[in-house]
Amino acid sequence: MADEWKKKCDLEWHLGSNHVPMPDSVDWKTVYGKKPFERNLLKNPRPHDVTHEAPPPEREIPGVPTRDDVPPQLEPTGDFAGWTTSTEVLPYDTNNIPPGAVVCYLPQYRWFSMSQQIDLKAEGLWDELLDKFQPDIVIEDWYEESQLDGSIYELHVKLLAADQQTVLKEHQCMPMENLEKYSHNWKRVSHTFSGYGPSVRYIHFQHKVKSKFMVEFFGTLVTDSSVVIKAIRSTS
């Protein structure tokens with residue numbers, strides 16, 4: 001019976017023909033059931049219930065708040081199940097305010113961080129695969145051109161050892177936005193880890209988006225985040 005599950009895995013992902021180690025000690029029934037290849041290992045990749053396949057939603061022009069209004073929104077809204085979230089309030093920028101000037105409002109910026117940690121063995125991968133074959137790990141993310149600031153998005157991905165602390169490889173993306181011309185689309189961010197060496201057991205995925213509050217809340221959306229393990233290594 002064990003050989004049958006091993007054969008099913010081989011037929012499903014062409015492991016043998018791609019020289020993937022397939023030791024008999026692996027629980028191949030569990031591997032087949034978890035289907036660790038070619039699927040998104042992140043949970044809840046659309047926390048704002050939007051997709052990059054449709055244009056980002058346009059914002060409504062806010063009205064002037066009154067004393068009777070409900071407390072102002074200060075955080076992004078959505079279903080963040082599966083994500084660990086945190087907020088960093090940034091100091092007010094007063095560098096360009098002349099001495100003695102009276103300022104009614106200043107924008108307050110915040111970083112909203114969402115992260116997940118993926119246990120690769122719990123997802124169905126095995127030691128020999130990770131240490132010897134080292135399958136490609138493909139990262140993809142989409143963020144909204146909110147044009148709230150010159151820097152509105154960051155991506156930080158780390159490949160971790162079994163202690164969940166030792167960083168073996170990492171990738172960071174901190175793009176700068178062009179604010180000279182209006183644009184409101186989705187922007188794609190991607191990276192492929194390959195040949196990263198042995199001992200990788202966890203992936204830490206974190207992205208940060210910037211929001212602005214000045215009378216009303218303005219946020220930056222992200223969607224369709226993914227971490228995918230490839231059964232076939234890229235030849236490029």
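Which residue forms a salt bridge with Asp149? Select Lys210, whose closest N and O atoms with Asp149 are 2.8 Å apart; a salt bridge here is a side-chain nitrogen of Lys or Arg within 4 Å of a carboxyl oxygen of Asp or Glu. The pair links distant parts of the chain, with Asp149 in the loop between S3 and S4 and Lys210 in strand S7 (residues 202–214), 61 residues apart, where strands are DSSP runs of E with at least two residues, numbered from the N terminus. Lys210 counts as buried at 6% relative accessibility, whereas Asp149, at 25%, counts as partly exposed; buried means under 20% relative accessible area, exposed over 50% and partly exposed in between, with a 1.4 Å probe and protein chains only.

This is a predicted model, in which local features need pLDDT of at least 70 and side-chain atom pairs count only at pLDDT 80 or more, while totals for chains, interfaces and linings use all residues. Residues are numbered from 1 along each chain as its sequence is written, and side-chain values use heavy atoms, with hydrogens and water left out.

Next, select Glu140 and Arg188, whose side chains meet in a salt bridge at 2.8 Å, N to O. Glu140 lies in strand S3 and Arg188 in strand S6, so the pair ties together parts that are 48 residues apart in sequence. Glu140 is partly exposed, with a relative accessible area of 21%.

Finally, move to Lys187, which forms a salt bridge with Glu145, the closest N and O atoms being 3.8 Å apart.

Key: Helices (H or I, at least four residues) and strands (E, at least two) are DSSP runs, numbered from the N terminus.
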